[in-house]
Amino acid sequence: MEEIVVISGKGGTGKTTLTASFAVLAGGDAVLADADVDAANLSLLLTPQELESHPFIASDIAVLDRDRCTECGLCRELCRFDAISEDYRIDPLSCEGCSVCSRACPEKAINMEEVLSGHWFLSQTPYGKLVHARLGIAEENSGRLVTLVRNEARELAKEEKKRFLLTDGPPGIGCPVIASLSGATRALIVTEPTVSGIHDLKRVLLVCRQFEVPAAVCINRCDLDEDNTQKIEAFCAAESIEVVAKIPFYREITEALVKATPVVNHTRGPAAEDIARLWSNISGNSSS
Amino acid sequence: MIIAVASGKGGTGKTTVATNLALVLSWEREIQFLDCDVEEPNAHLFLKPALESAEPVPIPVPQVDLERCTYCGICADVCAFNAIMVGQETVLVFEPLCHGCGGCAYFCPEKAIKEIDRPIGVIERGDAGEISFVHGKLNPGEALSPPLISAVKKTINPAALTIIDASPGASCPVVEAIRGSDYCLLVTEPTPFGLNDLTIAVELLKKLHLPGGVVINRSLGGEGEASIEEYCRREGVPILLKMPWDRELASLYARGEAAVEHLPAWRRLFTGLADRILEEKKEDR
């Protein structure tokens, strides 16, 4: 099975737009995963029917029993996350769930309680099954939720004997990105010819290298700044990274996004042709 | 006063808004800029500070003295992050998983664990014209950004007006970046993604009890925008600025140039935005 993960470093370069079209182009031979659990958008383009919904419980949080508390101060002294205030209130947003306070409290006045951190879903789309999730607002453990989404999607792809596991990744380079890359056979980095795009491409590429995931680059909106596009090409050549596509700005891509539909379903014009060529390039299909 | 700039969705224009706002404000008052998008910090590309120093930011991780260790396994039991494993005659520490809570060292009955510093990134500072600039840079391969964001925020100068550029999303790094601010701008775009992610960002502000307002980027009018306006009206969140779609702005951005330094129309737009925010905060200029 090919596990293709679409990432970018910088947000808003076109990850989800491209992944949705890849989902169509894979012709039913893929399981889809949305690993941007903070701001999941792939489902907006793929008209999913929800089949299953599961709670995601990943962490505990410290809860103080004020009747037992003698305000001895030990918990405040030990907490590295400044989660316990002077008047002994625990800020759930600061609590890291390490349980040091709970274990150390001589009065056993602090209990660790489970937190519902979000939900994950299995849905049916016209193009295959989609595993996606919603992390609770301001919750932690996005990395663990990503790992869960990808594991579920991977098992499903094996079960259904699909050729591809297609993952729409999160922006950045931190824990959810690392969790998205684990086990991937290929990363497609979508960048844009801006100083930010280039800067972030270089950093996310270092993460791919560190986790030994082979990467390829797609330059989106390549006609926005020809000089920067050339800089990206030169950088990729020097790093022996293949630039698998250069996609110019197409009005049809924006139109498809506004209509919440995959580009290749919206148009058969050059935008769709470019994306199809990119897909055959990274999926190893020489047809199309 | 601290103004944070966030957005659920990435690439909506947070850095454009934060840097241009900082520049127009810096013409009249003392401004400090903190780039708290430590995974992919970009503001320096536009503000071009002369970065002077790079201070490593560490978190404490355990180092086990095997002479003293009796392999009792308490440390592994204590660790909520599975960062330490005890075998028959070995102790394995998985440093990238460690959150630095210090539990293993505190509870070790043999005092066999001491904590050593492990760098996860750096803080760099410098002046960008009149703006005092600070950013954090997470080392690629590191998972945990909140401790670095927290270190960047420790540099806040209460005498200045501080602008914070946050990362996209709505989970722990964003919470760490925007909490404690006095006002939070949410930058969105008139697409279904923009609206979906704006609702997440508005929920986040409510949860943190932060006042805020919305900036719509790449505004073209039309349906997508009407649904954002409708949503903001329903939620009682003011729309402070609509940034028209502008090819010139996009190409300045591509080259790392700030719009307010080149285009008078954008200077007016951002001066207006600054006035609106200060008005929302009822602060005299």
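Leaving aside residues up to four places away in sequence, B:L240 touches B:G213, B:V214, B:V215, B:L273, B:R276 and B:I277. The model is predicted.

**B:L240**
- B:L240 is part of strand β11 of chain B, which runs over residues 239-244.
- Is B:L240 buried or exposed? B:L240 has 21 C-beta neighbours inside 10 Å, so B:L240 counts as buried; the cut-off for a buried residue is 20 or more.
- One of its contacts is B:V214; the two residues are 26 residues apart along the chain, and their C-alpha atoms are separated by 5.7 Å.

**Helix α1 of chain B**
- Helix α1 of chain B has 13 residues, 14-26, and at 1.5 Å a residue it should span 18 Å. The end C-alpha atoms of this helix are 18 Å apart, which agrees with that expectation.
- Because 13 of the 13 residues of α1(B) are buried, this helix is largely enclosed by the rest of the structure.

**Contact between chains A and B**
- Chain A contributes 48 residues to the contact and chain B contributes 51 residues.
- On the side of chain A that touches chain B, at least two residues each come from α4 (100-104), α5 (142-159), α6 (175-181), α7 (195-210) and α9 (251-258) of chain A.
- α7(A) gives the most to this side of chain A, with eight residues.
- Sorted by class, the side of chain A that touches chain B holds 21 nonpolar, 17 polar and 10 charged residues.

Definitions and conventions:
Residues numbered from 1 in each chain as written. Chains lettered and ligands numbered in written order. Predicted model: local features only at pLDDT ≥ 70, side-chain atom pairs only at ≥ 80, totals over all residues. Contact = placed C-beta atoms within 7 Å. Helix = DSSP H or I, 4+ residues; strand = E, 2+ residues; numbered from the N terminus. Nonpolar A, V, L, I, M, F, W, Y, C, P; charged D, E, K, R; others polar. Expected span 1.5 Å × (residues − 1). Buried ≥ 20, exposed ≤ 12 C-beta atoms within 10 Å, placed from the backbone.
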